[in-house]
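Have the sequence and the 3D view open as you read.

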Amino acid sequence: MNPTVGIAVILTVLQAAHCQMIKDLSACLLGQSLRVDCRYENKTSNPLTYEFSITKDNRKHVIHSTISVSENIYRSRANVTMHKNLVCLHLQSFTTSDEGVYMCELKATNDYTGNQIKNITVIKDKLEKCAGFSLLIQNTSWLLLLLLSLPLLQAVDFVSL
């Protein structure tokens, strides 16, 4: 094998070996809804597939998924939003019957290393309320831009006086 081709193959395999990794899985209450945040590190531009499920009574129930079919009982109550490095499950009308072990499963297209999976136990009485500004902090570029533009805004105010 040509050494250049061998190095290219090794680099391709190393890049595919860690296309995404779940960094954190958290849950909180947003009014009467459950929000499960699945934060991940993505090292590829390949599309991401996901599955949120719950294990209750030793049985897995798919809540929302691009990997498999969601169960009817969750279809009208669940939706998922995706932001940069974050997949959020929103489950409306969350009650104690929805308690259990929630799972976030992620897979990048053409990632042959398998799915990334993380679990969290959700009990309604032990959940904290979601922070009101947490969605704003997920993409902090607007905040950085605002902070950097403050001196310019102050200079404009000074000149206009």
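## Which cysteines pair up?

Count the bonded cysteines along the chain, and the disulfides follow the pattern 1-4, 2-3. (A disulfide here is a pair of cysteine sulfur atoms within 2.5 Å.) Cys88 doesn't join in: it is in no disulfide, and the nearest cysteine sulfur, that of Cys28, is 8.5 Å away. Cys88 is also buried, with a relative accessible area of 0%. For that word, the cut-offs are: buried means under 20% relative accessible area, exposed over 50%, and partly exposed in between, using a 1.4 Å probe and protein chains only.

Before going further, a word on where this comes from: it's a predicted model, where local features need pLDDT of at least 70 and side-chain atom pairs count only at pLDDT 80 or more, while totals for chains, interfaces and linings use all residues. Residues are numbered from 1 along each chain as its sequence is written, and side-chain values use heavy atoms, with hydrogens and water left out.

## The two disulfides

The structure holds 2 disulfides. One of them is formed by Cys28 and Cys130, with sulfur atoms 1.9 Å apart. This pair links distant parts of the chain, 102 residues apart: Cys28 sits in strand β1 (residues 20-30), and Cys130 in the loop between β8 (116-122) and α3 (134-137). Those labels come from DSSP runs, numbered from the N terminus: helices are H or I with at least four residues, strands are E with at least two. The link of Cys28 and Cys130 is right-handed, with 95° about the S-S bond, and both cysteines are buried.

Cys38 and Cys104 are joined by a disulfide too, 2.1 Å from S to S. Again distant parts of the chain are linked, with Cys38 in strand β2 and Cys104 in strand β7 (residues 100-108), 66 residues apart. Here the link is left-handed, with -90° about the S-S bond. Cys38 and Cys104 are both buried.

## Strand β6, tucked inside

Why is strand β6 (residues 86-91) described as largely enclosed by the rest of the structure? Because 6 of its 6 residues are buried. Leu86, Cys88 and His90 point one way from β6, while Val87, Leu89 and Leu91 point the other way.

Now for β6's partners. Strands of a sheet pair through backbone hydrogen bonds, either parallel or antiparallel. To count as a pair here, two strands need at least two bridges found by DSSP. Strand β2 (residues 33-42) pairs with β6 in the antiparallel sense over 6 bridges, and Arg39 stands opposite Leu86. Strand β5 (residues 78-83) also pairs with β6 in the antiparallel sense, over 6 bridges, with Asn79 and His90 as bridge partners. β5 and β6 form a hairpin with 2 residues between them, and Asn85 in the turn has a positive phi of about 60°.

Thr95 lies in the loop between β6 and β7. Is Thr95 buried or partly exposed? At 34% relative accessibility, it counts as partly exposed. Thr95 and Gln32 are 63 residues apart in sequence, and 8.2 Å apart in space, C-alpha to C-alpha.

Moving on to β7, you'll find it in an open sheet of 4 strands, ordered β4-β3-β7-β8 with antiparallel pairing. The edge strands are β4 (59-65) and β8, each pairing on one side only. β7 and β8 pair over 7 bridges, and Gly100 has Val122 in β8 as its bridge partner.
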